[in-house]
Every structure is written in structure tokens, then in C-alpha cells.
Amino acid sequence: MTKICVVGAGNMGAGIAQRCSQSGFAVSMVDIKEEFVKKGFDSIRRTLDEGVKRGKVKPEQVDAIIKNIHGTIDLKEASADADLVIEAVFEDMEIKKKLFADLDKFCKPDAILATNTSSLSVNEMAAVTSRPVKFAGLHFFYPAAINQLIEVIPGDKTAPDVISKLIDVSRLLGKLPITVKDAPGFAVNRYFVPFLNEAVKMLDEGVATMATIEESAKKSLQISMGPFELMNATGVQIAYHAQESLHKALGQFYRPANGLQKQFESGQKWTISGTVELEKMDKVGERFLGMLFTIALHLVDEGIATKEAVERGATVGLRWKLGPFAMMNEIGIEKSLHIVERFCQSSGLKVPGVLVRQAESKKPWYLRSVQTSREGSLGIITVDRPDSLNALNSKVLTDLGEAVDNLAKDEAVKVVMVTGEGGAFVAGADIKEMIVKTPLEARDFTYFGQSVLKKLEDMEKVSIAAVNGYALGGGLELALSCDLIVAADGARFGLPEVTLGIHPGFGGTQRLSRQVGKAKAKELIYTGSMIDAKEAERIGLVNKVVPRDRLYEEVKKLADKIAANGPVAVKLAKAAINRGTEVDLVTGLAYEVETISLCFSTEDKNEGMGAFIEKRKPQFKGK
Ligand code: CO8
């Protein structure tokens, strides 16, 4: 995927075009009038100049980023050779449908069409095209060039490989994608917009002064801007329209507050007034929490998003300190249930079953830091702690062990890929967790880390580390526990433990020496130096280096090639290599005799050899 066409040069469209260009894609940005395109470019230049002032963008990059965006009012020309089109026009279903019908005609047959809608149905738009399998939602958050959150929304007919491509593109854009079902408001606006509305409802009902409501929201949700200030910053009009569209789709509870409608009609911003009534703060705060928890739980109950996705929506998309599930854990699950029950009683919403069950278990919410998924016969393990460059703490190691167990016993999985969310693979064991450990605790932690990586190494299925960025310390040791390592061209490798006054403990002194030889391992471990992907390939540490934008595609190709072979033969070959290289040659060769003999007891051997003789492709059954 090399060319992206962005339709709409408004705030969102311009931000998306900028981010795409900044990430190295060729971009066309199209709007209906020259003046709109010009405004888009002006806004991009302003944002980039800001970036230069804050040291985030180099001055010499500004012109190059802008030059890489082709502005036009010709939709056909802009979209004809695009691999991906992202629509970011006004939130009007009829306009969008007409646009997608045109794009469907203009674009290459294999181009993917995506909508940046924040509130309209992805399926309804997909239906006007001849390619619903190549249609999805790609919802950016304001400011689109900077905010790292992106909601990836499959329609009912979107092909899984299209979603995986969009997730990959999102990562190339430097985003943290969450996958969300096509449902009103998706995973963030479903509760964020009603949070604004709830503030106005309370004002309408005379529950408290505006200043009290504002302060209670900040205190109870631990956020820096209250709902009225937020509406003033992002637009009362947007809040009203978004609430109205939730109302149409979801019913009475979501009806815009009278005050919100009036304020929208007046075209004015809110004037925050009144004094803070301290005695009312708790009551107001509880109502905000009740609303937030209820809707967040409905999202999980209805299978729209996982709790981890809801958390990321809040902490990354809205930049809240905590997401709703972490807030519930802080308050306590039983108390949260009471808050939700009281809110549901007064609002008419249903008490979410998922919370009732959690309260019965008397346990806090468990939020995973490792995600597991499957694409065909490829199991995917993603270490998902990007704010700490996926550093391995006890929780990540526990989740990693569980992910390996689950994929090892999943019969549909033939090959497992291990990778990291965000810009790093894994930047080592968690130094912040390790610094306070006593020698005995460090010993337990080292054993634990080693046991998880050994489990991965011993898994009968083939594992491939897809190294997308830093693989340092425990991160390199994790990659070394996989059968194969494929690295993105920008990846960096090293065992920098000695720079911290310790030495590698998750197998680095052993596996690196075995992989690249003692001399090179000693050099890397004693100096703590980092090497780049090319050098890692040269010394035999990694199997292959590929451009970052082709990393997952290449790993999937490799996995498919392995998965097409006799599964028992591959499994026994892995055992023969791993066990055989740990013993003397004579014992290793004897082991090989036993494993090859075992292959002759399988149906797969008959099928493989039979297919060769009959000059056809074998169909292995793994038996
Ligand atoms: N542990 C904890 N936090 C980390 C780690 C880590 N290993 N690596 C990065 N982070 C955090 C940073 O602290 C930072 O957090 P915050 O924003 O809160 O300050 C965030 O991730 C982003 O990191 P940086 O701002 O440092 O990002 P840069 O792009 O500037 O730098 C580097 C990236 C070069 C990767 C840098 O982060 C770095 O040097 N990290 C540490 C690498 C390292 O030394 N790894 C080895 C750790 S030791 C180990 O793995 C031992 C294995 C087992 C031993 C068992 C003994 C008990």
C-alpha cells in the first residue's frame, strides 16, 4: 500500500492527509472547491509549524511533507491510483453514499474504501458500493495528525485480511488501533458524547450550578477539562449533532438535553457560571460515574469492544488518566455496582450483566497487556503495553504465558507470530518493576521469565518473532525464544543489561551464544551495544530483514509456507533441531533417527510422497 487518497480537506481530512504524508505515503487530498483545498493546506502548515516550535518536527521536513500531498478538486484523478481512500467529509449519510458510489467507479478494483465517520453506519455506506468486502470504518480522533487512537470498524461483509491491512496501515501511521463493531458512537463517542449531555441534563434539572457540575466531572473522572469547557473547545454544534444521532439509533436515554438544543440553536459557547457547591460535588460526581460505567459496560456486554479497547479509547483517544474499567477497580467493583444500579434506576438503562457477574466474583477487572488473535492458521500474540515500549513486567509475562498456552492448544493454529504494539517490539524487562526487587525476588522473577520463554520455545507449533522496533534485553530474549526472527528495517537489537549493572537473565547469555556464536554474543553482551537489523541479519541473529510496511505481510507469507507442509513433520523437525543441538552429535543423530521414523507412521507421509508421484499438491491432515 503506497498511495492514500483523503476526501475532504477540513480539520479532520487535512490532519489525516498530514499524518499519512508524514508517515511516508504518497497522498492526494481532494475537496469540492479550490478554496477548501487551500484552507486544508494552510491548516497543515500551521500544525507543522507548531510541531517545529515544540521540537516534534524538523524545519526541513515541513516542505517535504506538504509537497508529498497532491491537492485537487478532481475526485476521479485523486482516487484513480489510490490503494486506500479515506473519506472525511461532512457527517451526512446521503452525501457520503453518493461519494462512495462515485469512488467505487473511479478506484482500482483492489482499492480499500474507508470512512472516517464518527457516528454513521459503516454497513449502510458499504452497501452502495460493489466492494463491501473492501469497505470499513477508520475513525481518527481529533487532532487527527497527532492523536494516536484510531477505531478500525469492520462492516458485516469486510474481509478479515482487509481489516488486518487497515490495522497495519494504522500502525504505520503511528496509531494505536482498536477494533470496534459497527455500532452507534463506536467505542468512544457512545459514552463521551452522553457524558457532555449528562452535564447539561443536570443543569436543566437544577441538580447543581454549572461550576459545580464542571468541577465534579473533573474530580470524579480525574480529567483536566470539564464537559462545558470541552464543548466550548470542540463545538457545541458537534456535541448536539452527535447526541442526536445516538438518540435516533439508541433511544430515549440518548435524547439531547433541552439546554443542549437551546445552546446549539443560539450558536453561542457556554459561559461557565455559578459558584462551586461543595456539598453537591459527590452526588454529581456519582452520576457521571454511573453513566460512564453503565455505557462502557454495555459496550462490552453487547460485544462492541473489549474492555481493553474501551480503556485505550479513554486513555489514548481522550487522554484521560484512567479508563472506565480502571476507575471501577480504583473505586471497588461492589461499590461500582451500587453506583451503576442507582444510575440505571433513575435513567431507565439496563444494569449490565457483565458487572453483576464481576461483582459476584469479588475480583477487580483484569485488563490484559497481551492480546491474542487468529488470522486463518496464524495465531498472533501482541505485547500490548506501548506506553512503556512493551516492557516485560510480571503481568505481561503472566499474560504472555497464558497466550502461548491458548494458542498452543488451538487446533486451528499452525504458526504463531509474536510482535509488539506501537513503535517497539519489547524494550526489555521492566526496569521500574525490577529496581526495587530483593535478590530473592529477582531470582523468582528471572525463573518466571525464563519459564514463560521456555514455554514459547518448547511449543510444538512454529513461532516467528515479527520485530517491529526495539528488541532489547528481555525483548531480544523473547525473540530468541521464537523459531524464526523477521525484522523490520528500522528494528534495533541489543542486550544492554550491563549498562544497568546486571546481565541478561531471560536466557540471553545462553541463547544468543548458541544463535550467533560465543564471540559475537560476548561482544554484544559485554558492550551492551545496539545493532541495526542489517547487522543482525549479517551475524545470523535474524532470518530476514524487510521494509517496515511489509513486515506482517512477509511474516504471513512465511507462516503460510510453513503451514502448507506436513504439520507432524514440521513439529518433529522442530523437536529434532531444538533437542538435537543441545546434545552431542551422536545422540542428536540418534534422536533424528527416531523422529524421522515416527514420520513414517503418519498419513501425511503417504499423502506427501503420494502427491509427489501423482504430480499434485498434497493435502496434509496432521495425522
Ligand atoms: N522498562 C521500563 N520502562 C521502559 C523500558 C523498560 N525496559 N523501556 C522503555 N521504558 C519506558 C520509558 O521509561 C518511558 O516511560 P515514561 O514515558 O513514563 O518515561 C517510555 O517507555 C518510552 O521510553 P523512552 O522515552 O526512553 O523512549 P526513547 O525512544 O527515548 O528510547 C529506548 C527508547 C532506547 C529503548 C529507551 O527506552 C531504553 O533505553 N530503554 C531501556 C532498554 C533496556 O535497558 N532494556 C533492558 C532491560 S533489563 C532486561 O531486560 C533484563 C531481562 C531479565 C533480567 C531479570 C533480572 C531480575
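**A helix pair and a ligand site**

Let me start with two helices, α8 (residues 189–204) and α9 (residues 210–221), whose axes come within 10 Å and cross at roughly 145 degrees; the axes are lines fitted to C-alpha atoms over the stretch in contact, with angles running from 0 to 180 degrees between N-to-C directions, and helices are DSSP runs of H or I with at least four residues, strands being E runs of at least two, numbered from the N terminus. This is a predicted model, in which local features need pLDDT of at least 70 and side-chain atom pairs count only at pLDDT 80 or more, while totals for chains, interfaces and linings use all residues. Residues are numbered from 1 along each chain as its sequence is written, and side-chain values use heavy atoms, with hydrogens and water left out.

In contact, meaning heavy atoms within 4.5 Å, F195, A199, M202 and L203 of α8 meet M210, I213, A217 and L221 of α9. By class, that contact has eight nonpolar residues, no polar ones and no charged ones, where Ala, Val, Leu, Ile, Met, Phe, Trp, Tyr, Cys and Pro count as nonpolar, Asp, Glu, Lys and Arg as charged, and the others, Gly among them, as polar.

Now to the ligand, whose shell of residues divides into 13 nonpolar, five polar and five charged. At least two residues of that shell come from each of α19 (431–434), α20 (439–458), β13 (470–472) and α21 (474–480). Looking at individual atoms, a polar backbone atom of A429 is 2.7 Å from a ligand oxygen atom, a polar backbone atom of I431 is 2.9 Å from a ligand nitrogen atom, and a polar side-chain atom of K432 lies 2.9 Å from a ligand oxygen atom.

Conventions. A polar contact is a pair of N or O atoms within 3.5 Å; within protein, one must be able to donate a hydrogen and the other to accept it, and residues adjacent in sequence count only if both atoms are side-chain atoms.
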